[in-house]
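Colleague: I am new to this structure and would like to learn how to read it, one feature at a time. Could we begin with the pockets?

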Amino acid sequence: MSIIWIRINSTRQIILQGWRTNITYQIQARHSMLKFIKCLEFWSLINMAEGENGSTTLPVSPYDEAMDALSSLITKRTRADKSNSGDRYDLMFDYLKILELDEPISQMKVIHVAGTKGKGSTCTFTEAILRNCGFHTGLFTSPHLIDVRERFRLDGVDICEEKFLAYFWWCFDRLKERTDDDITPMPTYFRFLALLAFKIFAGEQVDVVILEVGLGGKFDATNVVQSPIVCGISSLGYDHMEILGNTLEAIAGEKSGILKRGVPAFTVFQPDEAMHVLEETALSLDVPLRVATPLDPNLLNGQYLGLHGDHQYVNAGLAIALSSTWLQKTGHLNFNYLDGTSSLPEQFIKGLTTAALQGRAQIVPDQFIDTERQEDLVFYLDGAHSPESMEVCAKWFSLAIEQDNEHRKNLSTQLPDNSSISRKNSSQILLFNCMSVRDPQLLLPRLINTCASHGVHFKQALFVPNVSVYNKVGTSNVAPIDSQVDLSWQLTLQRLYEYIIRGEKGHSKVAEITGDEVKEESESHIKRCENSTVFPSLPLAIKWLRDNSQRNQSVRYQVLVTGSLHLIGDVLKLIKK
């Protein structure tokens, strides 16, 4: 049997021994073409594809090549804000013309959602409701936790690799051919992803598009939609202040930038200063702005929301209002529900109770320890990263711990006294990191004090640096462990944590920890204090947790992971199979 070798070069030409075939990635032929490439890759891996110069090389997979191309769009430029005129926001409309998206976007039936907290959850609930009403849905959210395809969901499922690659290269190649660095440069990372979302949803001919704003509203890439069916603004708070402003009024002004003249809009109960700005903007645009009431749990007929936490009833109420208005405006009156008092349609209940979103109030046992002991090391993951969301996260975690303890207490009464379940104690651990642009003195006290008020006290806090490689997109974009990694930010977090735990009053200054108090393990570069530990990498922190779980089998470790969605994604990569 003769060996056929292949190479997939940077122009995506498939080269076979004896003949050459150029394949252009056309949307119409995406499935057969990409499956063909996968088969060729399979054989090349088996035969250790021999290159033209006689060397043995492995081809880069089409997906990895796409991730490399996407990574090239990541820049360190300041994100769009007032000071830079939206970072040439007008370019977005040039890109729409290049990708022939003007007309398709004008025909889309869009639900557009901005906000500080809860906009991702609101979009997730809304998509689930309308999908269960029988509609073909397209959902665009951010950020992704593990794989960039999480951002594009069709009928509640991440877009498959074959479709993603077909749409990706169609957009990327067309933009590459028709842009230049001086006049019309390639779109930046998030702008390209938003454009790709529009192309995917247009190509898949979805019935409804649910768009989550990436940052702010006025200059966000999703705001090229001129005629949405309905807009929503979830809870507002202090976040991204370096871009959106230092007051709730300024932040509300940016978020309200998604409102369009005459298009109905809903929000939730807001602080007075934020609500005043929303109402003024709505009045100037003749927008009927209404406040959606939180969902009454009794309307779920004894079931529970798919997304956990009491705060989700606020997001669910907003999702119900958005879904009902969309149904009404698009002529589907048989599903209408806006009065908030009558029973919910069965399709609404099913959507609300089955909605799922990674990294928000998510509970995941470690899947890499003994199957029988997975409940001995459980991770509670929530991507909270603002003061308000820290408090919500702390309440959710405390309630989850209380419910778990009550469940095990009831279970132990049904088991023999010598049962391992009846004899195990629980220990709460905090695994934390946040971006340096955030103020930990607004985050950590809110988290720790709220937990303490509910009777939850952390046995130890673990601080780790970010491990994702932020100039590279991929499913395993984790940097190697670096013994020389800069831990100055994590040591700052540790000092603040020790200051809070020791009960000193006032948080205007971080208490200094003397050199004698910080014990460094020379080989591992782990820095220990009385109540906390700084690890030079996340994998080392996870290893420490697993080792402790193995040594202390009479203890159940409950680990709260919070402060950053990037941290949540990195942890999920390490604990889920």
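Modeller: A pocket is an open set of grid points where a probe fits, with protein on both sides within 12 Å along at least five of seven lines, and its volume is the space filled by probe spheres set on those points. Please keep in mind that this is a predicted model. Here the second largest pocket has a volume of about 460 Å³.

Colleague: Which residues lie closest to the centre of the second largest pocket, and which elements give two or more residues to its lining?

Modeller: The lining comprises 18 residues, of which His308, Gly309, Trp396, Ala400 and Gln403 are the closest to the centre. Strands E12 and E13, together with helix H14 (387–412), each give two or more residues to this lining, and H14 gives the most, with 5 residues.

Colleague: Where is Asp376 found, and is it buried or exposed?

Modeller: Asp376 sits in the loop between strand E12 (362–365) and strand E13 (377–381). A residue is called buried when its relative accessible area is under 20%, and Asp376, at 6%, is therefore buried. Setting aside neighbours within four places in sequence, Asp376 is in contact with Lys424, Ser549, Gln553, Val555, Arg556 and Tyr557.

Colleague: How should I read a nonpolar core, and how many residues has the largest one?

Modeller: The general idea is a set of buried nonpolar residues joined through their side-chain atoms. In this model the largest nonpolar core has 50 residues, and those with the most contacts inside it are Leu70, Phe164 and Phe168. Among the elements that each supply at least two residues of this core are helix H2 (62–71), helix H7 (161–178) and helix H8 (189–203), with H8 giving the most, 11 residues. Phe168 touches Ala66, Ala69, Leu70, Phe192 and Leu196, not counting residues up to four places away in sequence.

Definitions and conventions. Residues are numbered from 1 along each chain as its sequence is written. This is a predicted model: local features need pLDDT of at least 70, side-chain atom pairs count only at pLDDT 80 or more; totals for chains, interfaces and linings use all residues. Side-chain values use heavy atoms; hydrogens and water are left out. A nonpolar core is a set of buried Ala, Val, Leu, Ile, Met, Phe, Trp, Tyr and Cys residues joined through side-chain atoms within 4.5 Å. Buried means under 20% relative accessible area, exposed over 50%, partly exposed in between (1.4 Å probe, protein chains only). Helices (H or I, at least four residues) and strands (E, at least two) are DSSP runs, numbered from the N terminus. Contact means heavy atoms within 4.5 Å. On a 1 Å grid over the protein atoms alone, a cavity is a set of points where a 1.4 Å probe fits but cannot get out, and a pocket is an open set with protein on both sides within 12 Å along at least five of seven lines; lining residues have an atom within 4 Å of a point.
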